[in-house]
Amino acid sequence: MNAGNRGGLISVKKGALRRPAVIAAGGAALAVILALNVLAFFRGLESPWLLGGMIVADMAVIGVGVLVAARAVLLAEHLSEESQEQLGAIVDSAMDAIITVDATQTIRLFNRAAEQVFGCPREHAIGAPLDRFIPQRFRSGHRAHIENFGKTGVTSRRMGDVTTLWALRPDGEEFPIEASISQAGEAGTRFYTVILRDITLRKQAEDAMRRQQQELRELSAAVLEAREEEKTRIARELHDELGQLLTAVKMDLSWLNDNLGASAPDVTAKVREMGAIVDQTVGAVRRISADLRPLMLDDLGLADAAAWLVEEFAKRSSVRCTVRMPPEGALDGLPKAVGTAVYRALQESLTNIARHSEAKHAWVQLAAVNGEIYFEVEDDGRGIAPEDVAKARSLGLKGMRERLAYLGGSVEISAAPRGGTRLRGRVPASAAPKERE
């Protein structure tokens, strides 16, 4: 408050009429006047001077009382005006737009920030219906919302917790807002106050970020898809071409071994060693080809490929595995992208178990429920810390999340009841990659 207002408050609290000595003197004077009035009443016409003096004194007291009362009323009105001015200054200094409406949703208060937000002068807004600042398609719903809010008895709450609210400028431009509403009653009339903020810039930034995230997700999916296609091509070339060449070498070595006989025992032994090396090479080629892209995933489907994957993992890692598969045929007809995403998620999960968990047992489950594919991988190892999941180099988990998210799925990692780690994922069975522009 400024100095003038502070002085006004001091004059009210410490005025002359409020001093104890003045109050005591006034009380004594009133007591004397009351006693003289009683005496004049009993003496009557015997003391006309006393009766006349009392009439004059009474009139003087009444006059003083009227003056004091008038002063109090004027002072109260002055303080009320000052309070209204101070409240108006506070409302006008607010950074957010403030609009107050009555029960008929007629605007009664429109601060300076509201003028700037809506581009409408206050004198044009006061007395106008609130509907002029609400897009046509939202007006009926807004009225119902206000009426329901008035019935709840709740003092205040945020508006539009789920969806973005939209407002309307006089030139027809719509813009997004966030708002809160409060209500108060006065003399039987209910008033609603809305505090709102123009979030156009913020929403534009959010939309831009959302578009960028979608573009990055599509780019990531395109890279993964190209990588998967390249793996498939290399795996088929390894399996078919290199496999055939190694088989031919194996057959030639077998022929050479049969024709040499006992005439060259040293050469025969060397040929047998070469045959063993070729057998190892054939096995390595098959293993590398399967790791790149198991042909049974394309030829036999997800169920057989997942069962083979877990079996091979158990052989290589010495981790005992328990597998639960859906009924036969439940995973047939899946889109290639869905089968690949689930298979790669299982593969990444088992790889992490072998590398980091020190587990003795693992449990793998696949299920098809209500048009979605669910999978779960659990171990009894040492578990995984949240900071390990968030590491920048945890590219396998991040790739798994992105691959599933692109298809409308999700994955979550948590502590397992057995003390290790549990990974759960889901993806729509009919999901297909979104078309890229």
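Visitor: In what order do the 5 strands of the open sheet stand?
Guide: This is a predicted model, where local features need pLDDT of at least 70, side-chain atom pairs count only at pLDDT 80 or more, and totals for chains, interfaces and linings use all residues. Strands are DSSP runs of E (at least two residues) and helices runs of H or I (at least four), numbered from the N terminus; two strands pair if DSSP finds at least two bridges between them. The pairing is mixed, and the order is β7-β8-β9-β11-β10.

Visitor: Which are the edge strands?
Guide: An edge strand of this sheet pairs on one side only. That applies to β7 (320-324) and β10.

Visitor: What does the twist average from one strand to the next?
Guide: Angles are taken between axes, lines fitted to C-alpha atoms (for helices over the stretch in contact), and run from 0 to 180 degrees between N-to-C directions. The average twist from strand to strand is 10°.

Visitor: Which residue of β11 is the bridge partner of Ser 414?
Guide: Strand β11 (residues 421-428) pairs antiparallel with β9 (residues 372-379) over 7 bridges, and 6 bridges join it, also antiparallel, to β10 (residues 410-415). From β9, Glu 378 stands opposite Arg 422. The partner of Ser 414 is likewise Arg 422.

Visitor: Which helix lies across β8, β9 and β11?
Guide: Helix α10 (residues 302-317) lies across β7 and β8 (361-369), at about 165° to β7. The helix you want runs at about 5° to β9. It spans residues 336-357 and is named α11.

Visitor: How are the planes of Phe 110 and Phe 118 arranged, and at what angle?
Guide: Rings of Phe, Tyr and Trp (its six-membered ring) pair if their centres lie within 6.5 Å; planes under 30 degrees apart count as stacked, over 60 as edge-to-face and the rest as tilted. This rule gives 4 aromatic pairs. In one of them, the ring centres of Phe 110 and Phe 118 are 6.2 Å apart, and the pair is tilted because the planes meet at 40°.

Visitor: Which residue lies over the face of Phe 175?
Guide: Ring pairs link Phe 175 into a cluster with Phe 110, Phe 118 and Phe 133. A charge sits over a ring if NZ of Lys or CZ of Arg is within 6 Å of the ring centre and within 35 degrees of the ring normal. Here, at 3.9 Å from the ring centre, the residue is Arg 169.

Visitor: Which element has the lowest mean pLDDT?
Guide: pLDDT is the predictor's confidence in each residue, from 0 to 100, and its mean over the chain is 78. Strand β9 has the highest mean among the elements, 93. The lowest, 39, belongs to helix α1.

Key: Residues are numbered from 1 along each chain as its sequence is written. Side-chain values use heavy atoms; hydrogens and water are left out. Buried means under 20% relative accessible area, exposed over 50%, partly exposed in between (1.4 Å probe, protein chains only). Contact means heavy atoms within 4.5 Å.
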